[in-house]
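Welcome! Here is a short tour of one protein, from its overall build down to a few of its side chains. Have a look at the sequence and the structure first.

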Amino acid sequence: MTEKKYPFIPYSKKTYSEAEMIQRSADFLHFMDLRRTVRDFSDEPIPMEVLENIILAASTAPSGAHKQPWTFCIVTSPEKKKQIREAAEKEEHESYNGRMPDDWIEDLAPLGTDWRKPFLETAPALIVVFRRSYEIVNEKKRNNYYVTESVGLACGFLLAAIHDAGLAALTHTPSPMNFLSALLERPENEKPYLLIPVGYASKTAQVPDLKRKRLNEVCKHYI
Ligand code: IYR
């Protein structure tokens, strides 16, 4: 069966003078450069409407064949957060004590991370992102496309939206993270992708004084 075509509608977008573009792009760069991964959160709650808006902003990301192959689970239940923390710490303990190769441990040492994940309970909300590799349509499996790329893009939008709302986040990747599927009772077509605590940074939060790569390290120009 061939799918029906979308109707096409006119599109126009506001443009700027070169001077305005330069100013806007520099302002945006400065704003994005202020985003930092935070590991120390206040337990102050955040409005649900903010979380929902952030997720809808993430969901505007481009995706393969516009399948939007993602599910964002919001966890604010203290009991669920505790279960997630306990399960994550169990895995992380094993990872830090033997599962991660020495090089990896060495690369993480400057960041001061370890197996303890108190932020999973302190942060007022956890957004657990799932990737959907297929859908069930009329009882049949229908694949999604470029799922990893699509969900990565959506998570990028999500982090930018969180930052824009004045909140902080941590892109946490407990490994393995299958326990999230069980704890959140997700269907077979969904696999956990990222676990993102969201909230206010605690008043005493510190971040490593890391430097970002310069333009010539991340960009090559072919004239
Ligand atoms: N998942 C572990 C280890 C970890 C890995 C990387 I790569 C990081 O940038 C940070 C942590 C943890 O969350 O501690």
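Two residues are in contact when they have heavy atoms within 4.5 Å of each other. This is a predicted model, in which local features need pLDDT of at least 70, side-chain atom pairs count only at pLDDT 80 or more, and totals for chains, interfaces and linings use all residues. Residues are numbered from 1 along each chain as its sequence is written, and side-chain values use heavy atoms, with hydrogens and water left out.

## The overall build

The protein has 8 helices and 6 strands, where helices (H or I, at least four residues) and strands (E, at least two) are DSSP runs numbered from the N terminus. Starting at the N terminus, their order is α-α-β-α-α-α-β-β-β-α-β-α-β-α. Along the principal axes, the C-alpha atoms fill a box of roughly 55 × 55 × 40 Å.

Of the 223 residues, 35% are buried; that word means under 20% relative accessible area, while exposed means over 50% and partly exposed lies in between (1.4 Å probe, protein chains only). Among contacts between residues at least 6 apart in sequence, 81% link residues at least 24 apart.

## Helix α3

Helix α3 covers residues 78-99, 22 residues in total, and spans 29 Å from its first C-alpha to its last, close to the expected 32 Å. The expected span is 1.5 Å times one less than the number of residues.

Which residues of α3 are buried? They are K81, I84, A88, E89, E91, E92, S95 and Y96. Their cover includes the strands β1 (70-75), β2 (125-132) and β6 (190-199), along with helices α4 (102-108), α5 (119-122) and α7 (179-183).

## Around the ligand

A polar side-chain atom of E92 is 3.0 Å from a ligand oxygen atom, and one of Y96 is 2.5 Å from a ligand oxygen atom. T173 uses its backbone instead: an N or O atom there lies 3.0 Å from a nitrogen atom of the ligand.

S181 sits in helix α7. Why is S181 counted as buried? Because its relative accessibility is 17%. Leaving aside residues up to four places away in sequence, S181 touches F130, R186, E190 and P192.

Two of these neighbours meet each other too: R186 lies over the face of F130, 5.9 Å from the ring centre. A charge sits over a ring if NZ of Lys or CZ of Arg is within 6 Å of the ring centre and within 35 degrees of the ring normal. K141 likewise has its charged end over the ring of Y134, 4.5 Å from the centre.

Note on methods
A polar contact is a pair of N or O atoms within 3.5 Å; within protein, one must be able to donate a hydrogen and the other to accept it, and residues adjacent in sequence count only if both atoms are side-chain atoms.
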